[in-house]
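Hi,

Here is the structure I said I would pass on. Have a look, and my notes follow below.

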Amino acid sequence: MTVIENMGKNAKEAARVLAVAGALKNKALLAIADALIENTDKIVKANDIDLENGKNSGLTASLLDRLKLGSDRIKSMAEGVRKVASIADPVGTVVSGYKTDNGMEITKVKVPMGVIGIIYEARPNVTADAAALCLKAGNAVILRGGKEAINSNKAIAEIMRNAVEQAGLPKNSIQLIEDTTRQSSIELMNLTDYLDVLIPRGGAGLIKAVVENAKVPVIETGVGNCHVYVDESANLEMAADIIYNAKTSRPSVCNAIETILINKNIAKEALPKIKARLDDKNVEIRGCEITREILGSDIIPANDEDYKTEFLDYIIACKVVESIDSAIEHISKYSSGHSECIVTENYDNANKFTSAVDSAAVYVNASTRFTDGGEFGLGAEIGISTQKLHARGPMGVNELTSTKFIIRGNGQIR
């Protein structure tokens with residue numbers, strides 16, 4: 001039996017305990033939160049090694065930002081775990097119930113999925129978020145992070161495993177694969193005897209590799225090629241504020257916008273206002289011909305590839321469109337199905353946009369940066385699902401459960 005197969009076996013055993021753990025799950029989560037704070041220095045020291053290695057290997061500024069764990073981010077991680085502990089336990093919740101003609105009582109209830117695998121990249125906070133959500137939903141988890149964050153992930157996983165054990169639950173409720181070679185990913189993708197579902201969280205390359213190669217069921221989380229459409233009725237100050245926030249507050253994350261669409265009737269007034277805000281952060285604008293006519297030839301010409309790209313950086317594409325229908329058509333062609341926004345004062349246009357745009361989260365007059373489990377009141381999140389089966393949008397505790405039917409009879413036979 002390989003190391004990863006053994007982890008699968010251990011996880012399966014832990015999952016049986018977690019399925020009926022009840023209040024012990026919250027005890028373990030609160031212990032994890034306290035332990036993260038108590039061990040901040042240990043986590044930061046491990047993270048410093050990853051940051052230094054990342055700089056030496058040429059990681060971009062946006063990837064280094066994803067990788068960095070200061071005391072504030074560790075506090076946020078701990079607070080996220082506490083929020084997960086505070087939400088209602090979905091396990092055992094009755095989804096529906098009815099009585100059949102022959103007198104059998106049938107109830108449909110939520111149950112844990114069992115063993116969940118998570119493959120992710122250079123974001124060590126995912127280690128805590130994913131483990132907390134899986135634990136709350138009664139699942140054991142096998143984590144496989146990227147090599148960029150291995151020291152941080154090892155420190156966090158060890159702290160969590162010890163806290164879970166001290167709370168009275170199996171230490172193997174949480175396991176981390178320390179081998180960061182491609183082989184370990186492939187082995188996890190093929191762990192059909194033990195893994196109930198696999199969730200990739202990262203860039204387009206990782207997600208594509210998992211979806212195409214995994215033999216276990218996959219919940220696909222998506223990249224974020226997100227858009228803001230500025231309608232002809234928009235409050236332009238609001239539009240500039242939303243675009244500035246959605247692009248620059250943290251450009252390295254999947255809910256940051258990558259393209260602005262501007263109605264042609266307000267483009268001459270709107271574009272200079274928007275550019276003035278983006279200039280505060282030196283955002284590079286890649287614009288269509290009309291955008292360049294309005295803002296000047298210093299604007300880099302946009303091509304088809306720019307509209308397809310998740311930049312994850314201080315770069316944004318911009319296109320002037322004929323109408324709301326043109327904006328919807330553009331989004332339909334280029335969007336990754338993550339998050340889109342319309343800025344408008346027109347009620348009918350708002351409804352048209354929210355009905356016609358087929359993404360996991362569609363906003364009216366608010367930043368796409370809110371597409372997040374915590375912001376949606378779900379506690380932390382396991383990822384943003386852009387598929388339509390089982391779960392869509394921010395995936396919290398409820399999305400990490402399945403259902404089963406419980407049938408009570410008094411001797412009925414068929």
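In what order do the 4 strands of the open sheet come? The order is E5-E4-E3-E6, with parallel pairing (strands pair if DSSP finds at least two bridges between them; helices, H or I with at least four residues, and strands, E with at least two, are DSSP runs numbered from the N terminus). Before going on: this is a predicted model, where local features need pLDDT of at least 70 and side-chain atom pairs count only at pLDDT 80 or more, while totals for chains, interfaces and linings use all residues. Residues are numbered from 1 along each chain as its sequence is written, and side-chain values use heavy atoms, leaving out hydrogens and water.

Strand E5 (174–176) and strand E6 (197–201) are at the edges with a single partner strand each, so one side of each has no neighbour in the sheet. E4 (residues 140–144) is joined to E5 by 3 bridges, and Ile142 has Gln175 in E5 as its bridge partner.

Now the helices. H7 (residues 150–166) lies across strand E3 (115–120) and E5, at about 160 degrees to E5 (axes are lines fitted to C-alpha atoms, for helices over the stretch in contact, and angles run from 0 to 180 degrees between N-to-C directions). H6 (residues 125–136) packs on H7 at about 30 degrees, the axes 10 Å apart. That makes the two roughly parallel (angles under 35 degrees). Where they meet (contact is heavy atoms within 4.5 Å), H6 brings Thr127, Ala128, Ala131 and Leu135, and H7 has Asn153, Ile156, Ala157, Met160 and Val164.

Cheers

Definitions and conventions: Parallel < 35°, antiparallel > 145°, perpendicular 65-115°, else oblique.
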